[in-house]
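Keep the sequence and the structure in view as you read.

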Amino acid sequence: MGKKQHVVPTEDGRWAVKGEGNERATRVYNTQAQAINAARGISMNQQSELLIHGQNGQIRDKRSYGNDPYPPRG
């Protein structure tokens with residue numbers, strides 16, 4: 001399983017895709033939708049989790065593309 005991918009706002013109003021623990025962004029986009037689309041591809045490729053942050057920086061959505069157990073544990 002790869003690193004979790006985060007879609008986060010930047011100081012200049014754009015949106016960045018960052019791997020968890022990385023200081024630098026993998027890529028920066030003009031819109032959140034573009035960043036989510038790119039991060040989804042990375043997450044699917046790495047079988048990892050995608051965390052989407054809102055404008056305020058708080059996590060607003062999570063999507064998993066990893067090996068989720070089914071049925072979910074307890």
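Which residue in S4 is the bridge partner of His6? The partner is Leu51. This is a predicted model, where local features need pLDDT of at least 70, side-chain atom pairs count only at pLDDT 80 or more, and totals for chains, interfaces and linings use all residues. Residues are numbered from 1 along each chain as its sequence is written, and side-chain values use heavy atoms, leaving out hydrogens and water.

**The sheet**
- Five strands make an open, mixed sheet in the order S3-S2-S1-S4-S5.
- S3 (27–29) and S5 (59–64) are the edge strands, each pairing on one side only.
- Neighbouring strands are turned by 20 degrees against each other on average, direction ignored; the axes are lines fitted to C-alpha atoms.
- Strands are DSSP runs (E, at least two residues), numbered from the N terminus.
- Two strands pair if DSSP finds at least two bridges between them.

**S1 with S4**
- S1 (residues 5–9) and S4 (residues 49–53) run parallel and are joined by three bridges.
- Gln5 has Leu50 as its bridge partner in S4.

**S4 with S5**
- S4 and S5 run antiparallel, with five bridges between them.
- His53 has Ile59 as its bridge partner in S5.
- The hairpin of S4 and S5 has five residues between the strands, and Gly57 there takes a positive phi near 95 degrees.

Note on methods
Helix = DSSP H or I, 4+ residues; strand = E, 2+ residues; numbered from the N terminus. Axes fitted to C-alpha atoms, helices over the stretch in contact; angles between N-to-C directions.
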